[in-house]
Protein chains: 2
Amino acid sequence: MHEVFLDELKKLNTRFMNMVIDVSEEIDDSTQAFIDHDKKAAQKLIKDDKDISADALKVEKRTLKLMALQQPVASDFRNVIAILKATTDLERIGENAMSISAETIRVKGNKRIEATEKIITEMSQKVTFMLDQVLKAFIQNDETLARQVAKKDDEIDQLYVKARHSIIDGVKADNTAAIAAASYFIVIRLLERIGDHVVNLAQWVVYKVSGELIDLNEDESVEDELDLDTNNSKDKN
Amino acid sequence: MHEVFLDELKKLNTRFMNMVIDVSEEIDDSTQAFIDHDKKAAQKLIKDDKDISADALKVEKRTLKLMALQQPVASDFRNVIAILKATTDLERIGENAMSISAETIRVKGNKRIEATEKIITEMSQKVTFMLDQVLKAFIQNDETLARQVAKKDDEIDQLYVKARHSIIDGVKADNTAAIAAASYFIVIRLLERIGDHVVNLAQWVVYKVSGELIDLNEDESVEDELDLDTNNSKDKN
């Protein structure tokens, strides 16, 4: 019976890791299409949608079945729980990536703001890197790496505030950029949220390895966000 | 032992229900402050933050402890799992409500767009109603009600697209509304996302009652969102 369980758990882990790789690619491809103003690529991405939600549902079903039938304990229990909880975040990341593709289709042909697009590229590269690292931490049971990944989210938050101001400046300079601005605001928020979801993933890796359940997002309060905003806009408003 | 378990489960359910009531209030209060341009109320909300994240962590810890020690089965297992999964969504809803308060503080004193604010009020009332109904469904084990709540999310999505166009029109008419527009885009997105999270909650109520795990968000594809957008902007672009 235990061998059957370990075999099932192995499959579950593989499925989960595939989901992480899929969403990482989705972020990368979606943001690239957005920056390249490549409507066709975005349409293809939406059409070929890897359907992370369906995968998440499958993984959740397997997880619940495994738990109900085998009642795993100790590190096996934590492994299964980590996957069960992490699927919600992976699903959200996938949805956010698809929403970035949707913005590419919307924004095409309108006046753009170059400074903002540079920041968006940087944000995308950083969150994809974070996601790859969190996967590595999951596979290698590396708690330290998971905590390091969570810390990197501060950089995403700073870029988010910077991008926000660059959009406002862009529209003030030329109000024909208003339609593009709508998309920029959405895209930077999506990337910022993806960062938060990656932190949640890191949290579940820490739980899987150590059994400790902690809030790695806790440093990031709304007050901090507003402080950042004020400092950044000091010389602008 | 079973009595101890039932007692613990009862406490867990109560804590969970309190979280739902808390986030519902947070949405209500945050959006009201935003619409009233009430910076003070928003600051108070952020200061008095009910700290949904900390509550979620507590509930998750209790849930995992209960599962590890008591290994619940059948409907008890589903009840515990539903709570474990739903906390992620409640936490996100709470964060989104706090982000709405943050926008109130940012936007104060700038030129506003009245048409957009009307739609925002409507969105907020609808998501709060949905959340109240999902709580009722959870308490009464009412699968039908849970499915009805999920369906109502279509209305939120339609209002989201409508709001988006009203913002673009507002900025085109008067580009001094650009700073306010940044906040509107964020707030409508936050409310739209809250709607999605409520659908997830409904999904876990269905699982709790029936053991069936389904994706109630599945009707809502990115393609639909783009279609909606096109229809809505037909006479505008």
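A salt bridge is taken here as a side-chain nitrogen of Lys or Arg lying within 4 Å of a carboxyl oxygen of Asp or Glu, and by this rule eight salt bridges are found across the interface of chain A and chain B. The model is a predicted one, in which local features need pLDDT of at least 70 and side-chain atom pairs count only at pLDDT 80 or more, whereas totals for chains, interfaces and linings use all residues. Residues are numbered from 1 along each chain as its sequence is written, chains are lettered from A in the order in which they are written, and side-chain values use heavy atoms, with hydrogens and water left out.

One salt bridge joins Arg193(A) to Glu95(B), with 3.6 Å between the closest N and O atoms. In terms of contact (heavy atoms within 4.5 Å), 58 residues of chain A meet 58 residues of chain B. The buried area, which is the accessible area (1.4 Å probe) that two parts lose on being put together, summed over both, is about 4900 Å² between chain A and chain B, and carbon and sulfur atoms give 61% of it. Of the area that chain A buries against chain B, 13% is supplied by Arg92(A), Arg106(A) and Leu213(A), more than by any other three residues.

The structure also holds eight cavities of 30 Å³ or more, a cavity being a set of points on a 1 Å grid over the protein atoms alone where a 1.4 Å probe fits but cannot get out. The largest cavity has a volume of about 150 Å³, where volume is the space filled by probe spheres set on the points, and grid points are joined across faces, edges and corners. Its lining, made up of residues with an atom within 4 Å of a point, includes Arg92(A), Arg193(A), Arg92(B) and Arg193(B).

Definitions and conventions: On a 1 Å grid over the protein atoms alone, a cavity is a set of points where a 1.4 Å probe fits but cannot get out, and a pocket is an open set with protein on both sides within 12 Å along at least five of seven lines; lining residues have an atom within 4 Å of a point.
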